[in-house]
Structure formats: structure tokens, C-alpha cells
Amino acid sequence: MYVLNQNNLVKFITVMILAAPFYLSSCHGDPIIKDPEVQTLINNFAANGAVSVDRTGVIYVSEYGRFVNTGGSGTRIFKLSPRGKILDTIRGLSGPMGTVKDSKGNLYVNNANNTVTGQVLKIAPDGNRTIVSTIDGWPSSMTIDRNDNLFISNYTAPTIHKISAEGEVSIYATDPRLIGCVGIDLDSKGNVIVANFVTADIYSINKKGEISLITTIPDIVVQNFGIGYITVVRDTIYATGIAVNYIYKVSLDGTIETFAGNGQATQVDGPVLEASISNPNGIAANKYARVLYISEYTGDGGVRYIKL
């Protein structure tokens with residue numbers, strides 16, 4: 001017979017206390033699922049561009065700034081802990097946009113875009129900087145696969161570029177519909193998912209470079225501002241409606257739903273459809289912890305987060 005002695009009782013109580021936040025029950029015994037909320041990770045924050053999360057959960061947010069002459073006015077990338085502490089500031093950049101970090105700790109960034117050409121810059125763990133490639137057009141955002149292959153979208157050219165782990169640069173796909181694309185990520189099958197900033201179209205590109213339309217998010221384009229960036233979590237696409245102050249959830253079959261935001265360009269926390277987000281722009285996920293991070297393009301600036 002099992003005897004619940006004092007030590008076992010303490011262990012049992014400890015386990016129940018730890019489990020309580022994750023599983024609540026109604027008086028009928030049914031589980032109560034807490035609705036996700038929009039919360040503020042950091043406010044009064046200058047970085048308003050792309051967001052990425054590395055394999056350790058560290059967050060990178062680009063300070064794109066504002067479009068001036070032929071590029072962004074920002075000069076920095078901020079490195080944040082999952083709790084919002086600024087761990088480092090990478091300086092001396094020119095309108096930095098998309099970032100990713102590879103398995104060796106190198107950080108890649110779309111830098112020095114002038115609407116005609118842009119750099120793919122590699123920043124090594126020791127701070128050494130190397131221009132991996134100069135790409136025609138406006139290389140805008142990037143994603144990376146498990147083998148450290150980069151995929152890069154292009155705002156002013158009809159291309160998706162691929163840069164292999166060995167540094168070989170190639171055109172992965174080309175199509176007129178790709179002009180205007182910014183947000184980019186990969187689904188579970190390795191298809192490239194890319195979103196058009198101008199038209200709010202979302203496309204899938206298979207490994208043969210063949211393009212198919214997933215969907216178009218309707219009624220969100222204002223003065224050519226449609227989808228800011230995207231991230232893909234368990235084959236669900238999350239897209240920022242930068243001009244309309246919403247975040248959308250899109251399935252790979254094209255089903256669209258409003259996921260977060262109340263349409264107001266302010267910074268108010270709360271349940272996802274009651275909270276407000278000021279022109280949500282960059283979005284990325286810690287895909288293991290299932291947390292979204294969103295940058296705000298206007299207002300006081302900040303990084304918001306949503307636990308899925």
C-alpha cells in the first residue's frame with residue numbers, strides 16, 4: 001500500500017501548484033482555456049522594423065526609422081532578452097531591415113538599401129562584418145532553414161534570392177507578382193511563404209520555384225501599406241496589418257481571421273481583440289515557446305508579445 005508521508009505530500013502539493021496556471025477547471029470539471037493577451041515587452045522604443053528570434057529565444061529588432069531619400073533613417077539593431085532587457089545595440093548600419101541568425105552565431109541583415117541595390121551583411125560573433133552579397137532591387141527581409149540557407153525577399157524586384165550556407169547566391173524564384181514582397185518565412189515542408197507589402201497577397205513557393213497564391217487579405221491596404229511582415233508557426237501564418245492596426249491569422253488553405261488588435265493606433269494591453277497595437281510592423285515567433293513578438297512602426301514605439 002502506498003503511504004503518503006510528509007515528503008511525498010510536499011512533492012504532491014508542489015506539483016499541483018506548478019500545474020495550476022496551465023490547467024484550470026470549471027465547477028463542472030471542464031478545462032478553462034485562458035484567452036491569449038497582448039502584452040508590452042518594452043515601450044518607448046526606437047526600433048520599428050523587422051523582428052527575428054534566434055534559436056536561444058533572443059530577440060532582434062531593427063531600427064528602420066523612416067524612409068528618407070532612398071532608404072531608412074535608422075542605424076541600429078537591438079538585441080533583447082525574452083524579458084525585454086536590452087542586451088546589446090549593433091550600431092553603424094543604414095536602414096536595417098530583415099535579420100536572421102545562423103547555427104554558428106552569425107547575424108545576417110538586409111542593410112544599406114537604396115531602392116536600386118542592397119547589401120546582405122553578415123555580422124560574426126566577434127563583431128566582424130562581411131558583405132555576403134549585393135542584390136539588385138531592394139532586398140527587404142529574410143528567413144533561414146535548418147541547413148543555414150537564406151531566403152531573401154525583394155521589394156522592388158520580382159525575385160526571391162537564396163544564399164547557401166557556403167555563400168552561393170542564386171535566384172530561387174522570379175515572377176512579377178513578387179514585386180512588393182517583404183515578409184518571408186518557411187512552412188513545415190520547406191515551402192517559402194512570402195507576403196506582398198503593397199497588395200496584401202500571400203504566396204507559397206515550392207522547392208521548384210513554382211508560385212501559388214494562398215490568399216489576399218481584403219480591405220487592409222492604405223496608401224500602399226498592406227502586410228508589414230509575417231511569421232509561420234506550425235503552418236499558421238501570422239501577418240501584420242500595418243495600416244489598419246490588426247494582426248491576422250491565415251491558414252495555408254487561405255482561411256483568414258482577425259487575430260489581434262481593435263483597430264486603434266495606440267498601445268493598450270489586454271485580451272487579443274480588445275488590445276490596441278500602433279501600426280504593427282515586424283513580427284516573429286519563438287516557435288518553441290509559442291510566443292509572438294511584434295514591433296510598432298509609429299507612436300511611442302514598443303515591442304508587444306502574445307503567448308499563443
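**Exercise 1. Pairing in the sheet that contains β13**

Task: Which residue of β13 is the bridge partner of Lys 122, and what is the strand order of the open sheet of 4 strands with β10?

Solution.
Step 1. Lys 122 has Thr 130 as its bridge partner in β13. Strands here are DSSP runs of E with at least two residues, and helices are runs of H or I with at least four residues, numbered from the N terminus.
Step 2. Strand β12 covers residues 117-123 and is joined to β13 by 7 bridges, the two running antiparallel. Two strands count as paired if DSSP finds at least two bridges between them.
Step 3. The open sheet of 4 strands has the order β10-β11-β12-β13, with antiparallel pairing. Its edge strands, each pairing on one side only, are β10 (99-101) and β13 (129-136). On average, neighbouring strands of this sheet are turned by 20 degrees against each other, direction ignored. The axes are lines fitted to C-alpha atoms (for helices over the stretch in contact), with angles from 0 to 180 degrees between N-to-C directions.

The model is predicted: local features need pLDDT of at least 70 and side-chain atom pairs count only at pLDDT 80 or more, while totals for chains, interfaces and linings use all residues. Residues are numbered from 1 along each chain as its sequence is written, and side-chain values use heavy atoms, with hydrogens and water left out.

**Exercise 2. Surroundings of Asn 111**

Task: Is Asn 111 buried or exposed, and which backbone atom lies 2.8 Å from a polar atom of its side chain?

Solution.
Step 1. Asn 111 is found in strand β11, residues 107-111.
Step 2. Its relative accessibility is 6%, so Asn 111 counts as buried. The cut-offs are under 20% relative accessible area for buried and over 50% for exposed, with partly exposed in between (1.4 Å probe, protein chains only).
Step 3. The atom is the backbone nitrogen of Ser 94, 2.8 Å from a polar atom of the Asn 111 side chain.
Step 4. Leaving out residues up to four places away in sequence, Asn 111 touches Leu 93, Ser 94, Pro 96, Gly 118, Gln 119 and Leu 121. Contact means heavy atoms within 4.5 Å.

**Exercise 3. Hairpin of β14 and β15**

Task: How many residues of strand β14 are buried, and which residue in the hairpin of β14 and β15 takes a positive phi?

Solution.
Step 1. In strand β14 (residues 139-144), 6 of its 6 residues are buried.
Step 2. β14 pairs with strand β15 (residues 150-154) in the antiparallel sense over 4 bridges. Met 142 stands opposite Ile 152 in β15.
Step 3. The hairpin has 5 residues between the strands, and Asp 148 takes a positive phi near 65 degrees.

**Exercise 4. Aromatic pairs**

Task: What is the geometry of the aromatic pair Phe 45 and Phe 78, and why is the pair of Tyr 238 and Phe 259 edge-to-face?

Solution.
Step 1. Rings of Phe, Tyr and Trp (its six-membered ring) pair if their centres lie within 6.5 Å; planes under 30 degrees apart are stacked, over 60 edge-to-face, and the rest tilted. The count by this rule is 8 aromatic pairs.
Step 2. Phe 45 and Phe 78 form a tilted pair, 5.0 Å centre to centre with 55 degrees between the planes. Phe 45 lies in the loop between β3 (37-43) and β4 (51-53) and Phe 78 in strand β8 (residues 77-80), so the pair ties together parts 33 residues apart in sequence. Both Phe 45 and Phe 78 are buried.
Step 3. The ring centres of Tyr 238 and Phe 259 are 5.2 Å apart and the planes stand at 70 degrees, so this pair is edge-to-face. Tyr 238 is in strand β23 (residues 236-241) and Phe 259 in strand β25, 21 residues apart. Tyr 238 and Phe 259 are buried.

**Exercise 5. Core and a loop residue**

Task: Which residues have the most contacts inside the largest nonpolar core, and where is Arg 290 found?

Solution.
Step 1. The largest nonpolar core has 23 residues, and those with the most contacts inside it are Ile 247, Ala 260, Leu 292 and Ile 306. Such a core is a set of buried Ala, Val, Leu, Ile, Met, Phe, Trp, Tyr and Cys residues joined through side-chain atoms within 4.5 Å.
Step 2. Residues touched by Ile 306, not counting those up to four places away in sequence, include Phe 259, Ala 260, Arg 290 and Leu 292.
Step 3. Arg 290 is found in the loop between β27 and β28. Arg 290 is not a glycine, yet has a positive phi of about 60 degrees. With a relative accessible area of 25%, Arg 290 is partly exposed.

Conventions: A polar contact is a pair of N or O atoms within 3.5 Å; within protein, one must be able to donate a hydrogen and the other to accept it, and residues adjacent in sequence count only if both atoms are side-chain atoms.
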